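Biologist: I am new to looking at protein models. Could you show me how to read one, feature by feature?

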Amino acid sequence: MFFAKRRARKAAARAATEVHSLLDAASAQAQPVEQALWIIDLLDWLRRGPDADRLREGLNLPPALAAQDGEDTAAPAEIRRLQTLLDVLDHLPERRAEIAAVIDGLLRNTDATLLLADFGFSQRPSFFSEFGERLGNKWLPKSPETRDLAVLFALFFPQAHDAVWLEALDADTLARLRELLATREIETEKTASAQLWRIALLDALTYTVSQIRATGFSPDLRSRMHNSGPLAGEVEAPFKHLAAQYETVQTLLAPQPPGDEEALRQSLTLLRAGLEACRQQADSVTAHLEDYGTSMSLVYVLHQLHQRIDRAEALLNCLVGDTPARDTAHLFANFVRLNAQRRSLRALWRHNTALLAEKMAERHAETGEHYITRDRREYRAMLGAAMGGGLIMGFTTWIKIGILGLKTALFWTGLLAGLNYAVSFVIVQLLHWTIATKQPAMTAPAMADKLGELSKPGGVERFVDEVANLTRSQSAGVFGNVLLVMPVALLLGLGGLAVFGPQFLPVPKAEHELQSLSLLGPTPLFAAFTGVLLFLSSVIAGWAENAFVLHRIDSAIAWNPRIRRRLGALRAARWAAWWRRNIGVMSGNVSLGLLLGLTPEFFRIFGLDLQVRHVTLSSGLFGAACASLGPAVVNDPAFWWALAGIAVNGVLNVGVSFYLAYRLALRARGIQVKERRAIYTSIARRLWRRPWTFILPPRHAAASAHG
């Protein structure tokens, strides 16, 4: 016990010596870079310094003083060390003045506007430019020899945990820090550090308001906000008035303290209302995406505009809020989080994929509606459309076998196979039939639309209803395709054998095709990979449809003078309307066909035998192989393993593409973990109580099914 107390006393003495050495190192006469280094050392000591109780013991602080400071033993260790440091400075007025001078010098020798107004905002909307910048932030060292306070802030608070203790600063500690800033005055300028900070806040607010106003006048936003009012000029009104509203506030805040408190209060109310009006005007852009289209840059600008408005409101709170010290600590904590994000490549990827998801899912929720059945009539219609698709794909199967028999170069084999698929898919679409596996990937906009209603009463149940409707639609589509593609391919094979003989599809080739479909082989892996390709085709379809609208191609077809002279006014208008309705599905059909045909040949260049396993095409190959092998094939175990492989094939095609579309919808709507759990719980409950609703249609559709 004696030796333990002795070691504790020595540790306390060392801690006291350490803190005195740290305080003695502060010098107002030092170079600005040396002062910045001292602040870095101070903050590092707050994070990793000795235990606060041991430090008090070593400093011989009176227990009553610690108690009256209101020290919270549950507070983070950084705050407890900071409180102890402030207690020490209360007994060392010379050191207190010196530290205040160092902080004062920091504010005088740096540009705080770059921190307060621009910190956390990317200056490069390009993904790869931002990626390179973040790589630099992550790996390249930063120099404290700079006038940019944003760079110094990143050095002061390099850890994400710093946001925790900054948020936890209590009112008493914040008041003491504010008092420390107010103690230093320069004899020649008579400007306190607190006043310098106030000037920096005003400059940052001026810059932020200017950025908001300039963004509001950008052509992309103006064209999309045009319809929000009966007059075109009304869309610009909030951004026009914002400058005058801020100038009034700035004039009233110029003297310290402000002169007319009532006028300032009214002006602040108008400015906050103006910022909210700008936010609502920006929100109105999403209402016109159907007419004008969207782009990654537009979604990025909208996100930046909302963040600028949030920053302006935060700066106002720091200037004239009810708790400016608390609001400043909150602002700094947000800066710490932004600093961590600015170094994170994973955060950049998540943010950009969220922007892409929002772009894809904002428009055309009706696209996926065509692939969802809600009652028995629609279910039967889907089954019939799928059987029609199976009929076409039976012919497609034999054309593919013929293309493989040509034994051309890899590229030409893949291109011909891809064109075969693409033409077949387009024919199926023009005949208003369907291919089952295309459905789930096209439903992301429809799911995102339903996910947007989760917060409403019954929103989760309505989304689960939509999932059940979609699953039934997939069942009908797969059943319809398979039920007809197998017999069609079988009959075509029998006819070919009767006309051309056994060489039409040699038995060894047929046996190979049957073995390739077996569940015992790599079929599940290939089927899952094909599900990814199905989803990618829907991404391409969404991109093409959005680009068509964004660049107003339909308007060009309808009104371009050369096109109107060539087609005539009525025909040009019909063509424009047709392409507007069908550009997405046509792009999806063509891209899916080329992906299915070219992808295996591309990987074969690198020696990888990565095949596609599309359930409808696999069923056609199964029927073709059975035609060559004859009735005795049912006695071959490979026959039954191939059937099992086709069943798993369908599940993985649909499941993987549906899962990716679902993830896209979640990302687009920003659905949190809690809401996701509610969705999973509700789906599990439905599966337990009414599993048949995911396979068979209800007798009567719910009244709100289309709501």
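This is a predicted model: local features need pLDDT of at least 70, side-chain atom pairs count only at pLDDT 80 or more; totals for chains, interfaces and linings use all residues.

Biologist: What are the angle and the distance for?

Modeller: Two packed helices are described by the angle between their axes and by the distance between those axes. A further detail here is handedness: α24 and α32 cross in a right-handed way. On the α24 side, the contact is made by Val460, Glu461, Phe463, Val464, Asp465, Val467 and Ala468, and α32 brings Ala678, Ile679, Ser682, Ile683, Arg685 and Arg686.

Biologist: How many residues of the contact of α24 with α32 are nonpolar, polar and charged?

Modeller: Eight are nonpolar, one is polar and four are charged.

Biologist: Now let me step back. How many helices and strands does the protein have?

Modeller: There are 32 helices and zero strands. Of the 707 residues in the protein, 48% are buried.

Biologist: What about charged side chains?

Modeller: The general idea is that side chains of opposite charge can pair when their charged atoms come close. In this model the count comes to 21 salt bridges. One of them joins the side chains of Asp162 and Arg47, at 2.8 Å from N to O. This pair links distant parts of the chain, with Asp162 in helix α10 (residues 162–167) and Arg47 in helix α2 (residues 32–48), 115 residues apart. Both Asp162 and Arg47 are buried.

Biologist: Which residue does the side chain of Asp118 meet in a salt bridge?

Modeller: Its partner is Arg308, and the N to O distance is 3.0 Å. Here too, distant parts of the chain are linked: Asp118 belongs to helix α7 (residues 113–118) and Arg308 to helix α17 (residues 296–320), 190 residues apart. Asp118 and Arg308 are both buried.

Biologist: Let me try Asp609 and Arg604. How far apart are their closest N and O atoms?

Modeller: They are 4.0 Å apart, and the two residues form a salt bridge. Asp609 counts as exposed because its relative accessible area is 52%, while Arg604, at 34%, is partly exposed. Salt bridges can also share partners: Asp87, Asp90, Arg96, Arg176 and Glu179 are joined into one network that way.

Biologist: One last residue, please. Is Ser424 buried or exposed?

Modeller: Ser424 is buried, because its relative accessible area is 5%, and the cut-off for buried is under 20%. You will find Ser424 in helix α22 (residues 410–430). Leaving aside neighbours within four places in sequence, Ser424 is in contact with Ile392, Met393 and Thr396.

Technical notes. Residues are numbered from 1 along each chain as its sequence is written. Side-chain values use heavy atoms; hydrogens and water are left out. A crossing is left-handed if the near helix is turned anticlockwise from the far one by less than a right angle, and right-handed if clockwise. Helices (H or I, at least four residues) and strands (E, at least two) are DSSP runs, numbered from the N terminus. Contact means heavy atoms within 4.5 Å. Ala, Val, Leu, Ile, Met, Phe, Trp, Tyr, Cys and Pro count as nonpolar, Asp, Glu, Lys and Arg as charged, and the others, Gly among them, as polar. Buried means under 20% relative accessible area, exposed over 50%, partly exposed in between (1.4 Å probe, protein chains only).
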